[in-house]
Structures are given as structure tokens and as C-alpha cells.
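Biologist: Please take me through this model, and start with the charged pairs.

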Amino acid sequence: AAMAARCRLAARFHHIHGANIRLDASHTQATRVESFANGLCFSQEPLAPGQIFLVEIEEKELGWCGHLRVGLTAHDPQSLEVVPEYSLPDLVNLGDTWVFAITRNHNRVVLEGEEAQARGRPWEPFLLIERVRIPRDTLVGRSRPGRYSHILDDLYKMNVLPATARRSRIGVLYAPQPDGTADMHIVINGEDMGPSARGLPTARPLYAVIDVFASTKSVRVIPVDYGFPSLQTLCRLVIQKHIVHRLAIDGLDLPPLLKSFCQHE
């Protein structure tokens with residue numbers, strides 16, 4: 001309950017941000033209004049251990065090379081004399097900052113001597129990262145029906161979108177370790193990419209870093225409720241698992257709100 005309350009309060013962007021960023025009134029949407037850089041954003045509050053800061057890509061901009069960058073920093077945004085132009089390398093060069101560039105295909109980090117863990121079944125209700133247990137449904141980005149929606153049907157059935165696509169959901173968290181440090185994990189559409197940085201200090205507050213860079217133009221914070229999935233969510237998972245084509249939901253004898261929830265969320 002404490003984690004859920006903290007996550008709802010922290011699911012906003014900090015008022016300190018890059019020169020080209022504009023926040024909406026709720027501080028949950030960040031849009032880069034010009035150029036391809038100066039798009040740094042931070043979480044409003046430091047993250048708690050195991051708390052994920054999750055964003056959805058809302059808008060892309062053609063013509064730029066590169067995508068969203070995500071990570072953690074031990075620098076309080078208010079302590080920065082000037083918000084750096086780039087997360088990589090500018091913010092990282094300040095020290096105590098760990099940032100991960102999101103690529104089109106895969107971002108799994110496998111250390112030497114380790115094997116990549118198999119992806120959990122897409123219908124499992126929770127993602128487990130060490131002792132952290134996160135409702136998977138909120139973490140997964142989904143395409144929405146449209147003129148060419150059939151192209152993404154196979155991806156949709158597996159609850160997967162390309163990492164840098166519109167509506168893709170990307171999150172960052174840290175998991176404490178027995179030695180008093182922490183591992184940083186990036187989660188892309190419900191899949192843990194593994195520890196992308198180790199040895200993070202837990203004695204200092206850690207803020208999420210979201211760099212709205214290059215072809216990523218706008219992102220929105222997605223609040224995550226820790227706890228049991230709702231009946232509505234469980235119904236959606238069962239329906240999506242058994243239909244042949246997601247547009248067939250229109251023909252089901254279901255309440256209109258549940259149909260919309262199954263098709264578009």
C-alpha cells in the first residue's frame with residue numbers, strides 16, 4: 001500500500017528539465033518542441049527501491065537518428081546549475097549517473113558467463129525482478145486498431161511492440177543487492193532487459209532520467225499500481241488470449257467500455 005501511494009505521487013516529471021522540453025499542466029507529458037537535443041527530464045521525486053518509473057512513447061519525429069535514453073542519476077535536478085544538453089555523454093560525465101540508449105530491436109544486457117533468462121509467458125500477471133513484483137499488464141505497450149493494424153497482429157498477440165515504436169512502454173528501476181549497492185534494470189514492454197548497471201549507491205537518492213532524444217518527440221508517464229491485477233485487467237487478458245483477430249472484439253457480447261478497454265489499452 002505504501003509503495004502504491006508513493007508511486008502515484010511520483011509518477012510525474014520534475015519541474016527542472018531541458019531547454020527544449022515543455023511539460024503539460026499535469027507534469028505527466030514531456031514534449032521536445034524543437035531541435036533533437038536539450039530534452040532531458042527527471043522524475044519528480046527520487047525512486048524507492050523496486051519502484052519503476054514508466055513512460056509511454058506518444059509521438060515520434062522523422063529525420064533524426066537515435067531514440068529515447070533512460071536511466072538513473074544521484075544528482076538532485078535542483079542542484080544542477082545548467083541542465084545538460086545530452087544525457088550521453090554530458091550528464092553521465094558529471095558522475096553518479098547511469099543512462100541506457102534504447103535501440104530498435106533489443107536491449108538485453110548479458111554479462112560474461114551468464115545466460116539470458118527466457119522471457120516469461122506474456123499472460124503471467126506479474127513481472128518478477130529479484131524481489132520486485134510488478135503488475136505486467138501496465139508495463140506492456142500495445143498497438144491500436146487502425147487501417148494497417150493487421151501488420152502488427154502477431155506482435156499484439158504476444159503483447160510486444162518494437163522498443164522505439166509509438167505506444168511502446170519503457171521503465172527504469174533499481175533493485176537493492178546484499179552488499180548494499182543496487183542494480184539498475186530497464187523494462188521494455190513488460191520484459192526485463194537485465195542489470196544494465198551494477199554497483200549503484202543506495203545511500204543517495206536516485207532520480208529517473210528520461211532523455212526525449214532525436215526521433216522520440218513526446219512521452220507520457222504511466223502510473224503503476226502495485227498489487228493484484230483488477231478483474232477488468234484479468235478479463236482483458238483472457239479475451240485477448242482467445243480471439244483470432246483483435247478487431248473481432250467488436251462482435252463480442254460485451255459492455256462497450258470493456259470492449260474499448262480490450263482494444264485500445
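**Salt bridges, sheets and cores**

Modeller: The side chains of Lys217 and Glu61 form a salt bridge, with N and O 3.9 Å apart; the term means a side-chain nitrogen of Lys or Arg within 4 Å of a carboxyl oxygen of Asp or Glu. This is a predicted model, in which local features need pLDDT of at least 70 and side-chain atom pairs count only at pLDDT 80 or more, while totals for chains, interfaces and linings use all residues. Residues are numbered from 1 along each chain as its sequence is written, and side-chain values use heavy atoms, with hydrogens and water left out.

Biologist: Where do Lys217 and Glu61 sit in the chain?

Modeller: Lys217 lies in strand 13 and Glu61 in the loop between strand 4 and strand 5, so the pair links distant parts of the chain, 156 residues apart. Strands (E, at least two residues) and helices (H or I, at least four) are DSSP runs, numbered from the N terminus.

Biologist: And what else does Glu61 form a salt bridge with?

Modeller: Glu61 also forms one with Arg32, where the closest N and O atoms are 2.9 Å apart. Arg32 belongs to strand 2, 29 residues from Glu61.

Biologist: Which of these residues count as buried?

Modeller: Arg32 is buried at a relative accessible area of 0%, and Lys217 also counts as buried, at 14%, whereas Glu61 is partly exposed at 25%. Buried means under 20% relative accessible area, exposed over 50% and partly exposed in between, computed with a 1.4 Å probe and protein chains only.

Biologist: How many salt bridges are there by this rule?

Modeller: The count comes to seven. Among them is Arg204 with Asp96, the closest N and O atoms being 2.4 Å apart, and a network of salt bridges links Asp24, Glu58 and Arg220.

Biologist: What about strand 7 and strand 8?

Modeller: They run antiparallel and are joined by four bridges, with Ile129 partnered by Val132 in strand 8. Their hairpin has two residues between the strands, and Glu130 takes a positive phi near 55° there.

Biologist: Which residues touch the most other members in the largest nonpolar core?

Modeller: Of its 33 residues, those are Phe13, Phe53, Ile102, Ile186, Ile210 and Val219. A nonpolar core is a set of buried Ala, Val, Leu, Ile, Met, Phe, Trp, Tyr and Cys residues joined through side-chain atoms within 4.5 Å. Strand 10 gives the most to this core, with four residues, and a second, separate core of twelve residues includes Leu54, Val187, Ile222 and Val224.

Biologist: How much of the chain is buried overall?

Modeller: Buried residues make up 49% of the 265 residues, in a chain that has six helices and 13 strands.

Biologist: Last one: where is Asn38 found?

Modeller: Asn38 is in the loop between strand 2 and strand 3, and its C-alpha is 4.7 Å from that of Gly18, although the two residues are 20 apart in sequence.

Notes. Pairing = 2+ DSSP bridges.
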